[in-house]
Amino acid sequence: MQLEDVQFEEPVNGYYPREDSWLLANHLPDVSGKKCLDMGSGSGIQTIALLNNGAASVTCVDVNIHALAATKKIVEHVFRDATVRYVESNLFEKVDREERFDVITFNPPYVPSEEIKWMETDGGKKGRETIDRFLEQFSPFLAPKGTVFLLQTSLNGIQTTEQKLKRMKMNAKIIARKKLSFEELLVWKITRNET
């Protein structure tokens, strides 16, 4: 299946796939047999990409119940027999503490804003509030040999993310970049430092 052929819907107060969504989705690897988590599922694009790349199961998490409904609708349309769960949660708050995932994807809200008015886009001061909370929370949910694919914009401080991950003893490398008029989008591949 070609991901570009899927007709995604814009959830109520949600996020329709844009350049950032496509950059992340198009750089997800083969995840055959893996247990995956799509944080901030939005329209469902990352969930569909993970299933299309062979995921054994996907847990979709979003704070917006309308986004979860949009994800469920597209999954049921494209992958009827897929093993998918839907969790309404603010990041990992309501994710089962015993769960470990082989792959976690996240396209966070990252637009710099004085306050978080639009949860699907506003990232707070410097656009880092949600990113930093994610970085603080994901490690216990990541399987020992698991991988995180995180989208970020250059407006949020690439070095800040790199330093935080280094302190967490994580390996991080940028696997994709896309220049836009006033920013650069990038995808981090994050794994545990085994040394």
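Reader: Why is Phe138 called buried?

Author: In this predicted model, Phe138 has a relative accessible area of 0%. Buried means under 20%, so Phe138 counts as buried.

Reader: How do you know that Phe134 counts as buried?

Author: The relative accessibility of Phe134 is 0%. The cut-off is under 20%, so Phe134 is buried. Phe106 is buried as well.

Reader: How many aromatic pairs does the structure hold?

Author: There are 5 aromatic pairs. One of them joins Phe106 and Phe134, with ring centres 4.7 Å apart and planes at 35°.

Reader: Why is the pair of Phe106 and Phe134 called tilted?

Author: Planes under 30 degrees apart count as stacked and over 60 as edge-to-face, the rest being tilted. The planes of Phe106 and Phe134 stand at 35°, so the pair is tilted.

Reader: Which parts does the pair of Phe106 and Phe134 tie together?

Author: Phe106 lies in strand S4 (residues 101-106) and Phe134 in helix H4 (residues 129-137), so the pair ties together parts 28 residues apart in sequence.

Reader: What makes Phe134 and Phe138 an aromatic pair, and is the pair stacked or edge-to-face?

Author: Ring centres must lie within 6.5 Å, and those of Phe134 and Phe138 are 5.4 Å apart. Stacked requires planes under 30 degrees apart; the angle here is 25°, and the pair is stacked. Phe134 and Phe138 also belong to one aromatic cluster with Phe92, Phe106 and Phe141.

Reader: What places Lys35 over the face of Phe101?

Author: The distance limit from NZ of Lys to the ring centre is 6 Å, with a further limit of 35 degrees from the ring normal. Lys35 lies over the face of Phe101 at 5.4 Å from the ring centre.

Reader: What makes S3 and S8 edge strands?

Author: The open sheet has 7 strands in the order S3-S2-S1-S4-S7-S9-S8, with mixed pairing. Strand S3 (84-88) and S8 each pair on one side only. From one strand to the next, the twist averages 15°.

Reader: How do you know that S8 and S9 pair, and in which sense?

Author: Pairing needs at least two bridges; strand S8 (residues 170-179) and strand S9 (residues 184-192) have 9, in the antiparallel sense. Met170 stands opposite Arg192 in S9. S8 and S9 form a hairpin, with 4 residues between them.

Methods: Residues are numbered from 1 along each chain as its sequence is written. This is a predicted model: local features need pLDDT of at least 70, side-chain atom pairs count only at pLDDT 80 or more; totals for chains, interfaces and linings use all residues. Side-chain values use heavy atoms; hydrogens and water are left out. Helices (H or I, at least four residues) and strands (E, at least two) are DSSP runs, numbered from the N terminus. Rings of Phe, Tyr and Trp (its six-membered ring) pair if their centres lie within 6.5 Å; planes under 30 degrees apart count as stacked, over 60 as edge-to-face and the rest as tilted. Buried means under 20% relative accessible area, exposed over 50%, partly exposed in between (1.4 Å probe, protein chains only). Axes are lines fitted to C-alpha atoms, for helices over the stretch in contact, and angles run from 0 to 180 degrees between N-to-C directions.
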